[in-house]
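Please keep the sequence and the structure in view while reading the points below.

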Amino acid sequence: MRRGITYFLPCKPGSVYINVTDRCLNNCLFCIKREGPLFFGNDLSLNGQYPEPIEIINCLKMIPFWNAVKEVVFCGMGEPLLRYECVMEVCQLIKDQRKDNVKIRIDTSGLFWAYRKKLDILDWIDVLSVSLNAENAEKYEELCRPKINMAYDILINFLKSVKRSEVNHYKQSLHFPDVYLSIVDTSEEEYLPASGREGYPRGEFPSPDFEKCNEIAKSFNWSLLVKKLFRDSQDKIWNEPPFFDLCAQGKPLDMCRNCSFRH
Ligand code: SF4
């Protein structure tokens with residue numbers, strides 16, 4: 001069984017994260033990937049070998065206490081929805097197996113929307129978390145270094161489409177996931193990847209404007225989540241087996257020195 005397809009975060013015991021791709025349409029200055037592929041005891045470099053749904057499901061089943069896991073999150077070292085069909089199939093298999101005993105969340109930049117305008121995956125998930133990251137295109141370009149043109153416009157168009165779909169689903173009393181937007185608090189500059197903060201004098205690293213981002217979230221009637229930078233994701237303590245077992249069981253970790261924010 002290959003490692004690095006599923007992993008845990010110490011600040012989210014009970015949640016298992018899935019790494020479906022390392023491809024991304026951004027190159028964010030705060031991205032943990034800049035520090036290398038090691039992340040909380042797992043090497044998340046997939047070396048171009050992206051897991052198929054059956055491999056992902058088998059990895060989930062191999063997790064000790066898989067039946068106790070409360071949440072599955074598609075996140076990883078890239079943009080999960082660049083593998084839309086794969087993620088959709090895994091969501092369906094998880095819901096078949098675990099029914100409503102497990103929540104499914106997708107963390108996305110929304111930029112897959114540049115290539116694929118589909119939203120049917122939302123019928124299969126419980127939470128959609130979209131990285132807003134900035135209050136305008138200029139700040140987004142600086143913080144996220146997108147590899148495609150008009151990225152912020154694409155993101156906002158994606159959000160508008162999700163909102164339209166949400167309204168339609170509610171009108172028909174159909175299931176729709178909870179949606180929230182997120183930004184990263186980049187003020188703790190010492191925790192930024194070295195290559196990300198390069199060229200920025202101390203105290204001048206760009207931060208998203210919380211109030212303006214909150215206004216954008218409110219305009220959609222969604223919440224805004226502020227994520228903190230990871231502090232010790234490369235630490236060797238995460239290689240200890242108890243970490244995986246405790247996380248899978250949803251037990252709080254004494255060893256966690258990370259932030260208390262949801263990732
Ligand atoms: S969108 Fe996420 S995975 Fe992609 S570069 Fe930014 S932080 Fe990294």
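V87 touches V20, F74, P80, L81, I106 and I121, leaving aside residues up to four places away in sequence; contact here requires C-beta atoms, placed from the backbone, within 7 Å of each other. The model is a predicted one, in which local features need pLDDT of at least 70 and side-chain atom pairs count only at pLDDT 80 or more, while totals for chains, interfaces and linings use all residues. Residues are numbered from 1 along each chain as its sequence is written.

**Overall make-up and core**

- The protein has 7 helices and 9 strands, where helices (H or I, at least four residues) and strands (E, at least two) are DSSP runs numbered from the N terminus.
- Of its 263 residues, 40% count as buried; a residue is buried if 20 or more other C-beta atoms, placed from the backbone, lie within 10 Å of its own, exposed if 12 or fewer do, and partly exposed in between.
- Among contacts between residues at least 6 apart in sequence, 80% join residues at least 24 apart.
- V87 belongs, with Y17, I18 and V72, to the residues that have the most contacts inside the largest nonpolar core, which has 67 residues; such a core is a set of buried Ala, Val, Leu, Ile, Met, Phe, Trp, Tyr and Cys residues joined through C-beta atoms within 7 Å.
- Helix α4, residues 151–171, gives the most to this core, with 7 residues.

**The sheet**

- An open sheet is formed by 7 strands in the order β1-β2-β5-β6-β7-β8-β9, with mixed pairing; two strands pair if DSSP finds at least two bridges between them.
- Its edge strands are β1 (6–7) and β9 (223–228), each of which pairs on one side only.
- Strand β7 (residues 127–131) is mostly covered, since 4 of its 5 residues are buried.
- On one side, β7 is joined in parallel by 4 bridges to strand β6 (residues 103–108), and there D107 stands opposite S129 of β7.
- β7 also pairs with β8 in the parallel sense over 5 bridges; V130 stands opposite L181 of β8, and S129 stands opposite Y180 of β8.
- Strand β8 (residues 178–185) runs parallel to β9 and is joined to it by 6 bridges, with Y180 partnered by S223 and I183 partnered by V226.

**Helix α3 and its surroundings**

- The buried residues of α3 are Y140, L143 and C144.
- Seen down the helix axis, these buried residues fall within an arc of 80°, so they line one face of α3; the arc is that of the directions from the helix axis to the C-beta atoms.
- The face of α3 turned away from this buried side carries the exposed residues E138 and E142, whereas what covers the buried residues includes α4.
- R145 follows α3 and has a positive phi, near 45°.

**Positive phi in the loops**

- Most residues other than glycine have a negative phi.
- N133, in the loop between β7 and α3 (137–144), has a positive phi near 70° although it is a residue other than glycine.
- N133 counts as buried because it has 25 C-beta neighbours inside 10 Å.
- N221, in the loop between α6 (210–219) and β9, is likewise not a glycine and has a positive phi of about 65°.
- N221 is exposed, because 10 other C-beta atoms lie within 10 Å of its own.

**The ligand shell**

- Which residues surround the ligand? They are C24, N26, N27, C28, C31, K33, G78, E79, S109, S131 and C144, a residue being near a molecule if its C-beta atom, placed from the backbone, lies within 6 Å of it.
- This shell divides into 4 nonpolar, 5 polar and 2 charged residues, where Ala, Val, Leu, Ile, Met, Phe, Trp, Tyr, Cys and Pro count as nonpolar, Asp, Glu, Lys and Arg as charged, and the others, Gly among them, as polar.
- C144 is one of the residues around the ligand and is also one of the buried residues of α3.

Key. Contact = placed C-beta atoms within 7 Å.
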